[in-house]
Amino acid sequence: MQRALELARLGLWTTTPNPRVGCVIVREGRVVGEGWHRRTGEPHAEALALVEAGDRARGATVYVTLEPCSHHGRTPPCADSLAQAGVARVIAAMEDPNPLVSGSGLQRLRDAGVDVRCGLLAQEATELNIGFVSRMTRGRPWLRLKMAASLDGRTALPDGRSQWITGPAARADGHAWRARACAVLTGVGTVRDDDPQLSVREVDTDRQPLRVVVDSRFEIPLDARVLRGGGTLVATVVGNPDKEAELRDRGCELLRLPHDQGKVDLDALVSALAERGVNELHVEAGAKLAGSFLRASLVDEMLLYVAPALLGAGPGLAEIGPAATPGDPTRRWVFEDAERVGDDVRLRLRPAPPPPGQTMEA
């Protein structure tokens with residue numbers, strides 16, 4: 001199963017909106033077939049492993065990181081293919097959270113006389129597909145907020161310039177996280193101040209995430225680099241027919257999602273992105289928009305790059321307002337890991353679980 005997970009990770013940047021899946025077929029103590037899903041529309045991991053195994057699949061044990069599918073999509077059901085190949089045992093790391101499958105693939109195999117087990121390295125498999133699980137079970141992507149700050153918590157100089165706080169290694173690492181996301185989001189303020197491309201450039205990839213700009217008053221400059229090449233979604237509140245027509249001619253999409261106080265409805269936005277197949281949403285935004293996502297309890301994970309420098313003044317990480325108490329549980333986070341990246345440090349955090357007897361909004 002560890003090997004199957006290694007294979008699944010090969011699709012980390014390419015499988016969206018499908019899950020990342022790896023499969024290993026073993027017979028008499030030897031691996032006879034391997035496969036991993038590369039991208040939507042292409043064969044599933046089990047199908048590729050069965051092709052490699054051929055007749056040796058009969059009587060073999062199959063290790064797969066996700067329950068074999070049981071429905072007809074662009075490819076035939078993998079559960080049927082495994083049963084027809086005569087495998088003796090299927091060990092899945094986790095059930096498929098997709099309601100179209102959700103245990104029916106495993107049951108179909110059991111009905112065909114296959115010995116079925118589920119749960120081996122389930123946590124590792126879930127982490128690998130945490131965005132897919134989020135979209136299927138919560139109806140929204142896994143939202144990852146990426147920020148970079150100095151030792152004194154400043155994200156930019158007093159004049160607003162924020163580029164290159166961290167070093168080249170941290171920037172490349174940030175682009176690797178972009179590459180695994182289905183969409184990269186920022187606000188119009190960042191577009192005006194930094195004119196980012198929001199593309200993956202520091203690592204090699206043949207797939208670019210969807211680019212999303214939150215722009216309540218529809219102020220995005222038509223010459224912004226994020227609009228080049230089309231394929232950008234602009235979420236706004238107000239309309240401007242001429243500007244809308246210009247952006248649509250460039251292949252961009254406009255989405256009006258009004259909320260109170262003239263702001264974009266962020267809950268509606270993440271739901272709309274889920275409907276477009278976005279599993280992981282990578283947010284790189286200024287303090288105001290970052291604070292809005294945090295106040296709405298929409299952030300599932302933070303990536304914080306800390307540079308060994310003191311800026312002395314400038315904006316902070318996020319405008320969220322004061323906490324109710326120093327130990328306010330709604331503001332507590334848990335360190336998942338810390339890693340040295342070049343001269344900088346990357347901290348990865350998730351919301352702390354609620355205290356016993358209390359619940360928090362999802």
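User: Which rings count as an aromatic pair, and what angles separate the classes?

Analyst: Rings of Phe, Tyr and Trp (its six-membered ring) pair if their centres lie within 6.5 Å, and planes under 30 degrees apart count as stacked, over 60 as edge-to-face and the rest as tilted. In general, the distance of the centres and the angle of the planes describe a pair of aromatic rings. In this predicted model, the count by this rule is zero aromatic pairs.

User: Which charged residues sit over aromatic rings?

Analyst: R38 lies over the face of W36, at 4.2 Å from the ring centre. The charged end of K243 sits over the ring of F218, 5.0 Å from its centre.

User: How many disulfides are there, and why?

Analyst: The count is zero disulfides. A disulfide requires two cysteine sulfur atoms within 2.5 Å. For C118, the closest cysteine sulfur is in C23, 14 Å away, and therefore too far for a bond. For C252, the closest is in C182, at 19 Å, which is likewise too far for a bond.

User: How is a cavity to be read, and what lines the largest cavity?

Analyst: Empty space left among the atoms is shown by rolling over them a probe the size of a water molecule. Searching the whole structure gives one cavity of 30 Å³ or more. The largest cavity has a volume of about 60 Å³. Its lining comprises T15, T16, N18, P19, R20, N129, F132, C182, N279 and E280. By class, three of the lining residues are nonpolar, five polar and two charged.

How values were computed
Residues numbered from 1 in each chain as written. Predicted model: local features only at pLDDT ≥ 70, side-chain atom pairs only at ≥ 80, totals over all residues. Heavy atoms only, no water. Lys NZ or Arg CZ within 6 Å of the ring centre and 35° of its normal. 1 Å grid on protein atoms, 1.4 Å probe; cavity = no way out; pocket = protein on both sides within 12 Å on 5 of 7 lines; lining within 4 Å. Points joined across faces, edges and corners; volume = space filled by probe spheres on them. Nonpolar A, V, L, I, M, F, W, Y, C, P; charged D, E, K, R; others polar.
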